[in-house]
Amino acid sequence: MSQDLKQIIREEYVKCSKDPAHFMKKYCYIQHPTRGRIMFNLYPFQEKVLRLWRDNPYNIVLKSRQLGISTLTAGYSLWIMLFQKDKNVLCIATKQETAKNMVTKVKFMFENLPSWLKVPADENNKLTLRLNNGSQIKAVSAASDAGRSEAVSLLLIDEAAFIEGIGEIWASAQQTLATGGGAIVLSTPFGTGNWFHQTWVRAEAQDNDFLPIKLPWYVHPERDDHWRKKQDELLGDPRLAAQECDCDFNTSGDTVFYSEQLDFIIATSIKDPLEKRGIDHNLWIWELPDYTRNYMVVADVARGDGKDFSTFHVIDTELNTQVAEYKSQLSPKEFGYMLVSIATEYNDALLIVENANIGWSALDSIIERGYKNLYYSPKSETLNAEAYLERTDDPSRMTPGFTMSMRTRPLVINKFREYVGDKSVVIQSKRLAEEMKVFIWRNGRPEAQSGYNDDLVMSFAIGMYVRDTALKYKTQGLDLTRAALSNMATVRPNAQGNFTMNGKPNPYQMNIGGQDEDISWLL
């Protein structure tokens, strides 16, 4: 090799060591899904991202689909391994197979490098590539102890929003990064409230060490409005397309309540309480009792010493409007006494208390106080007007409080969703709206995201369900009773031809067996 060629190679090596974009554009090959083996010709936005990664140790990337960012990450990892000694790159993904794909991309680039750029490999298999300069990349699946036992120079987390328990993984790996390592966290959005979303929001507010890098679909120079509209068709759901293409947290994820519904509630009905009561100011009042209205108080009981909260809502049953709300931690017995007090204040409201587990302690306090308008659940699961009235006449077929079961839980949630979707409920609490934002489907079950509560959501949902079943059935049952009474006998008019009782109109004074009888008491 001539001296001039050696000098050229030396200069080129220095350029590659300083600039990952130069290294990739000139010497890295990738496997294109349709064109096969091609040179990694970086787009301008990819070059910019590379330089941001080089100059910032912690990066969080909110990205659109199909931007080549995972491949870019593979090239960046190889650059670190070649030009720095003893660097340990760890790739974590939802599944080991996904993490392995990153190592596969690194290996493909490595194997197609010119000989003067290569470093001999001491270990080369499906999950690991280790060079004899001490640098390596390893792929692992997501687990709470991933990265705990080894010093990590660069932690790659792919599709972080979709990894269950990513907060624990980050906490364990963070200890090894504290000595000078860095991290690149990649994901499309998947709902709000999860670790990825929280970390992104804090990064934007400069409350952590992450540099936020947002890459929506239009950063790609070969995409236009036609491409974006086509994604709606291909993905079959505009909301999913917004998640995959627009980097939109609010339309992404398995949220129970759609973002547009929550936006409507926040814009039209959320407001500060008229007053905040109690030592902790956690009883919020928007409307004082109106003695011409009917109310229900719906409660969910917590232990009072844990992470969950005891909650209740006061709802105007006719207008379906939230007029008061409580969220705090009380002992079940004290909470029961509080429920009696608030229900009495609101016109002896129908008091509905979930009776699962610790709820019985609150119910005992309510029964001890002799509260008369307590909701009872049927022991049978038949729900119709005739059956409901029949059960209310037979205490042995009823149980105090609201019974949440495997069958009723989805019905309760769906009823709440229906009211929200129809815009036929008025929610005034920002606390409830915040819980609704992080209320998601997890394995087909609606519940709060990890680290959040759903106590306000569940108690309000019970209220919507009771309003649409028991209260409606009671009204229907009274109508049935009136219809039956009108067919029992001949209604007897007075001398003026009117139905009367004590000089006032009375449609229920009847002539039965030749005797005048007022049977309105049956109602």
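## A mixed sheet and a helix pair

In this predicted model, six strands make up an open sheet, arranged in the order E11-E12-E15-E14-E13-E16, with mixed pairing. Strand E11 (275-277) and strand E16 (350-353) stand at the edges; each has a single partner strand, so one side of each is left without a neighbour in the sheet. From one strand to the next, the twist averages 15 degrees.

As a bit of background, strands of a sheet pair through backbone hydrogen bonds, either parallel or antiparallel. Here, E13 and E16 run parallel and are joined by four bridges. To find one of these spots on screen, look for Val-297, whose bridge partner in E16 is Leu-351.

Helix H11 (residues 332-345) packs on this sheet, and its direction makes about 10 degrees with that of E14. The strands that H11 touches include those listed here:

| Strand touched by H11 | Residues |
|---|---|
| E12 | 283-285 |
| E14 | 310-316 |
| E15 | 321-328 |

H11 also touches E11, E13 and E16.

Now for the helix pair. How do helix H15 and helix H16 cross? The axes of H15 (residues 430-437) and H16 (residues 455-468) come within 8 Å and cross at roughly 100 degrees. That angle makes H15 roughly perpendicular to H16. On the H15 side, the contact involves Arg-431, Leu-432, Glu-435 and Met-436, which meet Asp-455, Leu-456, Val-457 and Phe-460 in H16. Sorted by class, this contact holds five nonpolar and three charged residues, with no polar ones.

Key: Residues numbered from 1 in each chain as written. Predicted model: local features only at pLDDT ≥ 70, side-chain atom pairs only at ≥ 80, totals over all residues. Heavy atoms only, no water. Pairing = 2+ DSSP bridges. Helix = DSSP H or I, 4+ residues; strand = E, 2+ residues; numbered from the N terminus. Axes fitted to C-alpha atoms, helices over the stretch in contact; angles between N-to-C directions. Contact = heavy atoms within 4.5 Å. Parallel < 35°, antiparallel > 145°, perpendicular 65-115°, else oblique. Nonpolar A, V, L, I, M, F, W, Y, C, P; charged D, E, K, R; others polar.
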